[in-house]
Amino acid sequence: MKKTFLLFVFSTFVSFSQSTDEVMLKQIYKSALTDSNCYSWLDDLSNKIGHRLSGSEGAAKAVVYTKQQMEKLGLDKVYLQEVMVPKWVRGEKEDAYLQVGSKKISFPICALGMSVATPENGLNASVIEVKSIDELKALGEEKVKGKIIFFNRPMNPEHIETFHAYGGCVDQRSSGAREAGKLGAIGVIVRSMNLRMDDFPHTGSTNYADTPEDKKIPAAAISTNGAELLSKLLIENPNSKLYFKQSCQTFPDVLSYNVIGEIKGSEHPERIMVVGGHLDSWDLGDGSHDDGAGCVQSMAVLEIFKKIGYKPKNTIRVVLFMNEENGVKGGLKYEEQSKLVGENHIFALESDSGGFTPRGFSVDCDEANYSKILSWENLFEPYLIHIFRKSKGHTGVDIGPLSSDKIVKVGLQPDSQRYFDYHHAANDTFDAVNKRELELGAATMTSIMYLFDTYGIE
């Protein structure tokens with residue numbers, strides 16, 4: 001009799017709890033879809049401010065704007081955290097063409113982030129096409145010296161998860177110039193990281209590591225259509241020379257800021273739950289998907305909690321990180337300051353995969369907390385959220401440095417099929433973001449924050 005009674009009480013409690021959570025998630029999604037400012041915030045960031053490359057005027061304006069918007073939410077605290085960031089300037093529009101007989105055939109290119117400039121009159125040299133860094137190294141200095149290296153390995157279309165395709169070829173962009181320079185190459189052209197065939201070159205950082213300044217060689221991206229055409233022409237005209245010119249510059253680091261706002265926890269203010277995205281963007285478009293979307297979705301988490309009257313048990317903190325694209329200085333500074341004052345982060349959530357329809361989460365945690373997340377699958381099912389993938393170290397670049405005695409890290413996973421059509425390119429603009437998809441992402445983020453705030457970590 002006693003055992004039966006206890007089972008009845010337990011099942012009643014579970015049923016009540018489940019019902020409460022279902023009601024709360026409905027309320028969260030309703031608020032996000034009918035009463036959120038996240039789309040209008042993105043409109044302002046994209047169309048009134050524009051690109052937000054670290055150290056730029058746009059980045060400085062974005063800091064002021066987002067701080068003002070968070071202050072309007074009536075949060076318990078809004079403040080700026082100083083961080084020194086790189087200042088790299090693209091300069092005038094890049095130029096490239098292949099000389100085929102008397103004809104000059106032009107190609108869409110853009111300098112890779114942090115690249116050095118070409119000489120003032122540009123570079124003009126023979127081209128060697130390779131598919132990988134290993135293939136480059138196999139050629140040796142004798143064949144590479146004095147040449148322009150053309151890295152032409154496409155993203156693998158067989159991968160359903162497009163970030164796997166990206167990871168399979170991005171080393172050309174990040175390390176290509178460094179490795180080619182060691183063998184005496186004078187410049188590098190890299191196929192854009194894009195599954196679609198188009199005329200948009202996609203930028204992104206190249207990393208010279210400890211290469212001496214006078215040994216750095218210029219690096220540029222070429223569009224996917226441009227890469228296909230260049231490859232074809234080189235087969236037909238192997239002795240043709242490629243000309244390209246870019247005038248980018250790197251200046252001394254400048255002062256910028258992480259933008260932070262928080263609601264103090266009602267029961268455990270010393271336990272901190274972070275949600276964020278990166279405020280900086282590349283300079284070709286206006287960074288609406290990468291990562292204006294993640295920033296406004298993160299702000300919307302606190303907006304939704306305020307509007308539905310939810311009082312979190314733990315401190316919920318939004319961090320808009322500066323300089324994810326070419327240095328991660330914001331994420332590193334946040335962790336450094338957190339350690340200095342002994343803060344305890346129990347949870348971190350990042351949105352940095354575009355403002356597309358949310359599909360679920362990547363999760364970096366132990367088995368006990370992963371099981372807890374899986375127990376919530378049925379709560380997310382009505383909202384078509386179905387991915388709960390364990391992914392060590394792949395939840396977000398800016399929350400990556402965060403460390404505490406025990407922390408759960410989660411990355412929002414939107415549908416990724418279109419993301420690399422826009423990633424780091426001139427078409428990453430406000431018109432590429434769908435209002436409803438953006439708001440669904442904000443609701444999904446708020447929901448996982450609510451559940452972890454309510455039930456804690458194991």
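Reader: What makes the lining of the largest pocket divide into nonpolar, polar and charged residues as it does?

Author: In this predicted model, the lining of the largest pocket holds 13 nonpolar, 23 polar and ten charged residues. Gly counts as polar and Tyr as nonpolar, so the division follows residue type.

Reader: Which residues lie closest to the centre of this pocket, and how many line the largest pocket?

Author: The largest pocket is lined by 46 residues, and F163, Y166, E324, D352 and V397 are the closest to its centre. A residue belongs to the lining because it has an atom within 4 Å of a pocket point. The space in the largest pocket is about 1,200 Å³.

Reader: Which element gives the most to the lining of the largest pocket?

Author: With four residues, α5 gives the most. The elements that give two or more residues are α5 (162–167), α6 (171–182), β10 and β16.

Reader: Why are β1 and β15 called edge strands?

Author: The open sheet has eight strands in the order β1-β10-β12-β11-β13-β16-β14-β15, with mixed pairing. Strands β1 (77–89) and β15 (387–390) each pair on one side only, so they are the edge strands.

Reader: How do you know that β14 and β15 pair, and in which sense?

Author: Pairing requires at least two bridges. Strand β14 (residues 358–364) and β15 have four bridges, in the parallel sense, and therefore count as paired. V363 stands opposite K390 in β15.

Reader: What makes helix α3 lie across β1, β10 and β12?

Author: Contact means heavy atoms within 4.5 Å. Helix α3 (residues 57–72) lies across β1, β10 (249–263) and β12 (314–321), and runs at about 5° to β10.

Notes. Residues are numbered from 1 along each chain as its sequence is written. This is a predicted model: local features need pLDDT of at least 70, side-chain atom pairs count only at pLDDT 80 or more; totals for chains, interfaces and linings use all residues. Side-chain values use heavy atoms; hydrogens and water are left out. Axes are lines fitted to C-alpha atoms, for helices over the stretch in contact, and angles run from 0 to 180 degrees between N-to-C directions. On a 1 Å grid over the protein atoms alone, a cavity is a set of points where a 1.4 Å probe fits but cannot get out, and a pocket is an open set with protein on both sides within 12 Å along at least five of seven lines; lining residues have an atom within 4 Å of a point. Grid points are joined across faces, edges and corners, and a volume is the space filled by probe spheres set on the points.
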